[in-house]
Every structure is written in structure tokens, then in C-alpha cells.
Amino acid sequence: MRSICLFFKVHQPVRLRKFRFFDIGKSDYYYDDYSNEMILKRVAKNCYLPANEILHDLIIKNEGRFKIAFSISGTAIDQFKIYAPEVIESFRKLAATGCVEFLGETYSHSLSVLKNTAEFKRQVETHANTIEALFGSRPKVFANTELIYSDEIGALVAEMGYTAVLTEGPNHILKWRSPNYLYRNPINPALVVLLKNFQLSDDIAFRFSNSDWSGWPLTAQKFVSWLKKIPKEEKIVNLFMNYETFGEHQKFGTGIFKFLDALPSAVFRKSDYTFMTPSDIIENYPPISTLNVPYPISWADQERDLTAWLGNELQQEAFEKLYQLSELVNKCSDPLLLKDWQYLQTSDHFYYMSTKYFADGDIHAYFNPYNSPYEAFMNYMNVLNDFTIRLNRVTKNKQSEQFLPN
Amino acid sequence: MRVLMFGWEFPPNISGGLGTACYGLTKGLTSFDDIDITFVVPKVFGGEDKRNIDLIGAGDVPIINRNISMKEFDKSIEYFEVNSKLVPYVDPEDYKNQTEFSVEGTKALIETDVQGRVKFTGKYGPDLLSEIARYALVANVIAQDNQFDVIHAHDWLAYPAGIAAKQASGKPLVIHVHATDFDRSGGTVNPNVYAIEKRGMDAADKIITVSNLTRKIVIEKYGISPEKVITVYNAVEPYREENKAPIIRGFDEKIVTFLGRITMQKGPEYFVEAASRVLQRMDNVRFVMAGSGDTMNKMIRRAAQLKIANKFHFTGFLKGDDVYRMLKMSDIYIMPSVSEPFGISPLEAMQAGVPVIISHQSGVAEILSNAIKINFWDVEGMADAIHGILSYPAMSKMLARYGKKESCNLNWKDAAYKVKQVYRSALCA
């Protein structure tokens, strides 16, 4: 017996509106409600709702043999509640089947783990509470923002009670090893690490509709034949991808939904693979060794590291200035400011400031509301400036009416 | 391959980008072993860099006793008639000084000096249209007297000359559109200029435009077929930093600079408005408008009206080293052009390590990544960008560093290579 672990990441940021420096100190509303609503409703219509429907039918049809995992960010949940509550309903319907596991992450899809551990823990806690309230069970497995992971991050997550963590299986870490095994965190060996098989995952998520690709067109049967080619000792295949693959990144016309629909039956009929949730996987398969990940990795871009968000000076500067406010935020209890503090930490803001053009430029540009990374930076910093002023005012800081110190 | 080029300006006697572009292009072209250039201008002033080219002043070419026959010049007969005046009573002395030429069989006369040379000012005076026509006449003679494979005419002032040379020699004509009257006038074109431009484009075998913005105008407003028009972006001369005195700024404030002709096309009024907005919220900044032009007085009045005259400075026209000094002193260079066919000056600013803000309505915006781009009318956006660059050092440092790298990669040799390919296609056609 061998197993496939299907994991889908659901996320939408709360995007910023155009915030000019004239607005600093005068307007305290930062978000582009119009765009956020439009985008969310569109993605719900093209992706979340139809895909959930297909998955639900597949679960019922396969009588419990088809299992999947999701992680939904807090910012997505907040926006579903306002703009598309039917999406939450459809996820609850999925939860009710008992074949779906919901994983934990940071509420605001942030990079806080890199800067402020206390903040990170709070966000994870809030997220876990939300998931429990919505779907009835508390997450036991963790999938950090963009699957960012390192040995230390793993140890931290284990401390918080998680049994396993999902992350990327990049070549520069694996070297000769295969992602199709379970590994242990070296600092806390109780934590199991599931590595994404990026070859097969990206075949679906990125290459599916690319007619220049050698594997095009990809059918469920073809995919299963690739699975069968994996050596028998490698028991696990982790297929991790953004849920927006289905209907947004890969549009309906590419046949992606037909592929999804046909996949479970093709797997069951032609191979010895089963579908398992992450918790099932760690129960059924032992880790084979520890895996050392000294520096953070992620599933983003070719480099699969942090450069998508922190690769250039603009990103680093914005990130620094943001987290410099942590102490002041701790003294603040204004709920609106605290909500803004969460939304400003979403990783997407930094993603938009990336200057990586070539292979990854298309993905960066996809949902990017800005024309250039400089504009993204400028806009974010204007908002951050205003946030700082409000924060200073509320915490009665004497340096109130000034811009951020340079 | 020998190229016969017709231009109007050549450094150091320039009033805009045309001369700079011609200089850079000729340098780039002559770096190829198989290209030689004869460059014709109306008037040679002295001080030009003639190391790479044969420079001919049209005013130095005698045209007396020459057979100059020009076809299809029907429309320009007006200028000749007006200028040369089929004078009924001519003093015998004067008559000797008038060289006869025929246009479509109609004889007309042109005034020459004792040695049979035509007088040119080489500038943009009130006599411009007739000067262009005389230039064409001399071009005909030059074409008869020189060996070359292809003719290359820069901008409308030289198109008639290019056409005349083509008629005299039968060689292919490439015209280079550095600007159109649509850019200069903002839409209300001068019919005479339009006619000259269109005739040039129709007569040319290939047309080079300096940006896709300009290419679009040529195709759509002049009715030219797209296969004939190729975009070759301008570039920038690398600046040498040796032996330059260190720049000492006389005051603490940041400096935001507009450097260019102060005329409607360059959008100076939007700069003044944006400056006023910025000064409402920031104190530590000064604005400089460097250049001169027909709307300069209007700008001075507007600055006074907005009560920002103490922070808004006018330097007048800057030449040579002064330009570099001004750029080096600046914290931001801004080009809010309403319609800029290309725009070499932001590249010069970027070379000096200055962050730039340019309008989307410029050709250079098509190729730059490390510049802030705004619509020329978006005064708020401009002010926001100025504020952003001045307040967030990470941004200004990054724009400076990557901008410098980006502009240094835009060299004339690459542009020249593409021009060479255009020559080849013109020769093969």
C-alpha cells in the first residue's frame, strides 16, 4: 500500500487601496473593498465553489476512501464572511463528511515567525480557535505561510502541540534524498515533516495547461502512470498546491476540473495508492530519518526560499519597519488598530514588492494590483506611516506626529 | 556600407535631444568596421567632434552652375516662390548671385553668395520652412557629388533633404522619426509641418521610430503601413566621471529637478502643481526648473501665484557640464511630459545615480523598470511619488543603484546594430 496526501491552500489577502501621502494622518481606512470583493467573488465562483462541489461528490462516491486536507487563512475567512458566506457553508459541508482535515497556520498569513515569536504564537492560536469554531476540530498538523519551514520553526511549532508540519521538498535540502518519505525534525524528533513532491505537484499546479510542456495534455490516467513509476519503497506522495489552481491559475477551459474529477477513480482502479490526510499519514508510516533544514525554505519561486518576500532592499526595509512597531502594538488595545496590524502583516504585501521578473514574474504579477514594486513599496509605506501615527496617538507616545524615523 | 546622413543639430550646438541622439547613433554605427558616415548639417559651427564621421555643412557646398532637377516637390514651390521671388527686375550683379534650378519644369531662383553657396542659419528661426527647402536643394548637389549606399534623414527638418538626395542618386532612403508634430503640438498640428512629415514618410523605404508610442502615431496618424516602420530605442552616452570637481550643495534641503524645454509638450505646469502639493506637507525640499522655453514666464507667474516662489527656482538653459552638475545635486529627476517620443534626459539622470519619475506618455517608459511612472496629468500621483522617494531612503537608494545599472546597459552600439539591420532591409527591398 502507498498513499497520496492531497493538500490545498486557500488564501486571499486583504488588499490595500491606493493610499497617497496626503491621506497620511487624515484617513484611517486602508483597504480596497471594491477590488477585494470583486476578486473574492470571482475566485469563489470560478474556483472555491465548483471545486468544493466536485470534491464533495468524490468523497461521497468513494465512500470514505478519498481524503483531502485544507488550510484556509484567516484573511480569506474574514472576507468569505462578508462577501461570500456560501463558501464557508460549502467548506462546512466538506468538514461534515469526516474525510477532510483542516490544518493550522497564522491567522493573517504572515511571516511573523521570522521576526516575532510571541506574535506568531498568538496568530496561530487565533487561527486554531477560528478553525475549531467553524469546523468542529482543532488543527493538529501545521502548514505555515507559504510552507515556510526551518528546523527552528519546526521546533517552535512542535512546542505548540502540533504533531506534523508540511513544507517544500527542495533539491538544495534534499540533495540525493526523496520527498516521498517522512522525516523528523532534528531539534524535536517528535515532529514529523511532510515534504511536497514539487515535480508532481507543480505538474498539476503550474504546467497543466502549458502546451509546450512534454507532459501536456495531462490526463488522470497519465498522472497515475507516473505515480506507478515511483520506486516501490517510496510510500508517500505529497501533492501540495494552491487551491486557486482549480479554476483560476488553471482556468476551467484547460480541463482541470475534469482532471480532478477523474483522479480518484483512476488512482483506485490502476494503482495501489490510497488517499490519506496528513494525520493519517503520520499514523501509518514511520519517518525514516531526520532532515536538516538550517535556513528557512518555502514553496515560492524557483529558489524555494525567502527571496520572494525579502529578496530586495524595499522588502527588507518595509518588513523591518513593520515589526519595529511590535512593542507599541503590545501596549495597544484598540480593536481596529489591532485588526489593521494583522492585515498589514500578510505576506502578499511584500510579495508585490518583488523585483524578480523572469521565471517567477508571471506568478507575482497574477493578483498584483500594482504596476511596479516601487509603487507597491510606496503605497505600503504610506499606509504604515499612517498606522504608526495612529498607534502613537493611541498609546500616547510623545513622538506622535512624525513620520517613521529613518 | 557608406551612409549619407542628414541632420539639423550636432553637439555642442544643440537645443534638444535630436543632436544628442544623432551624435550617439553615429558613434555607435561607426564602431562597426563596415560602416562609414557622411553627416550633413545646415551649418557647421566649429567645435563638433568629427573623429568618426565626415561632417559637411550645407552652407559650405557651392551649388552654382549645377544641374539641380527635383521632382514631386510640387507643394514646396510655394516656399521657393515666396522666397526666391521670380523677380521681374533683377540687378545684373544680383542675377549673377542667383542660381537657377528647376522644380517640375518650373524654374525658380535661389540666392547664393559670391562662391555659389547658400546661406543657412542652422537654427530654428522664422525662416525655417524656406531654410529646409534650401537644405533640400543643397542635399541634391551633395548626393550627386558623394558615393554612398543608403540615405538616413533625421526628423522632419531633414526629410526634404533626404528625398532630394534619393531623387539625385536613386539610393534607398531611411527616415528617422525622433518626434512628430503631434508630440510637439499636443494634437493641433501645423499643416505645413505635417505635410513635410507625411511626404518624408511616404517617400522613405524604411522608417525608424524611437519608441512604440511614436511608431503608433506614424502608423495611425500618417497612414503608413506597419511593415515599413521599425522601432529602435535611443540610448545614452556613458558619462565619464574623471576630473570632475566634487559637487557641493549650498543648502540642506532635498532637490527635485525638472530639466528640459519649458514648453507645453514637456508638462511643466504639472510639475509646478505637484510641487505646490508637496510643499503643503513637506518643508525640507526645493524644486528646480532648469531650461528655458516659451512657457517659462507663465511658470514663473504660476509659482508666484501658488506662493511657492521661495522654494521654486529657475536656472535658465544649462549646457554641457552644468547639466551634469545639476543632476548630481538632485535627489529626484522628474519628466512629466505630455507626449515624449523617447526622452534621453531621464537616462542621463539615472546615470548620475538620481531616482527618476517619468510619465507613462513617454517612449522611454516602454523600456525602463527602475523608474516611477505616472500619468502626466496625475498631479497627486506625482506628488505622492516625490514624497515617497524623499521619505523612504530604501526606495531612493534602490532606484539610484538599479537605475544606474539599467541606464548604463542602454548603449548606442545596440541601437546602431538594429539600425544596421534596417539599412540591410532597405537595401534588399
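Tutor: Happy to! Two residues are in contact here if their C-beta atoms, placed from the backbone, lie within 7 Å. With that cut-off, the contact between the chains draws on 14 residues of chain A and 16 residues of chain B. On the chain B side, strand S16 (372-374), helix H13 (379-391) and helix H14 (393-408) each contribute at least two residues. That side of chain B is made up of 8 nonpolar, 3 polar and 5 charged residues. Please keep in mind that this is a predicted model, and that the predictor assigns the complex an ipTM of 0.73 and a pTM of 0.82.

Now to the chains themselves. Chain A is split into domain 1 (2-290) and domain 2 (308-394), with C-alpha centres 24 Å apart. Between them, 27 residues of domain 1 of chain A are in contact with 20 residues of domain 2 of chain A. The domain 1 side of that contact in chain A holds 10 nonpolar, 9 polar and 8 charged residues.

At 1.5 Å a residue, the 15 residues of H9(A) should span 21 Å, and the end C-alpha atoms are 20 Å apart, so the two values agree. Even so, H9(A) has a kink of about 35 degrees at Ala262(A), shortly before the proline Pro264(A). Pro264(A) is also one of the buried residues of H9(A), together with Ile256(A), Phe259(A), Leu260(A), Leu263(A) and Val267(A). What do the buried residues of H9(A) pack against? Their partners in chain A are strand S1 (2-10), helix H1 (33-61), helix H8 (220-229), strand S9 (246-247), strand S10 (250-251) and strand S11 (273-275).

Chain B is likewise divided, into domain 1 (2-62 + 126-235 + 413-428) and domain 2 (254-408). Their C-alpha centres are separated by 29 Å. Here 18 residues of domain 1 of chain B and 13 residues of domain 2 of chain B make up the contact. Helix H1 (17-30), helix H6 (181-185) and helix H8 (212-221) of chain B each give at least two residues to the domain 1 side, which counts 7 nonpolar, 9 polar and 2 charged residues.

One last word on confidence. Chain B has a mean pLDDT of 84, with 86% of its residues at 70 or more. Over residues 72-97 of chain B, however, the pLDDT is below 50, and this stretch has 27 contacts in the model beyond near neighbours in sequence. Where pLDDT is low, the predicted coordinates should not be read in detail.

How values were computed. Residues numbered from 1 in each chain as written. Chains lettered and ligands numbered in written order. Predicted model: local features only at pLDDT ≥ 70, side-chain atom pairs only at ≥ 80, totals over all residues. Domains from an automatic or database assignment. Nonpolar A, V, L, I, M, F, W, Y, C, P; charged D, E, K, R; others polar. Helix = DSSP H or I, 4+ residues; strand = E, 2+ residues; numbered from the N terminus. Expected span 1.5 Å × (residues − 1). Bend = angle between axes of the 7 residues up to and from the residue. Buried ≥ 20, exposed ≤ 12 C-beta atoms within 10 Å, placed from the backbone. pLDDT = per-residue confidence, 0-100.
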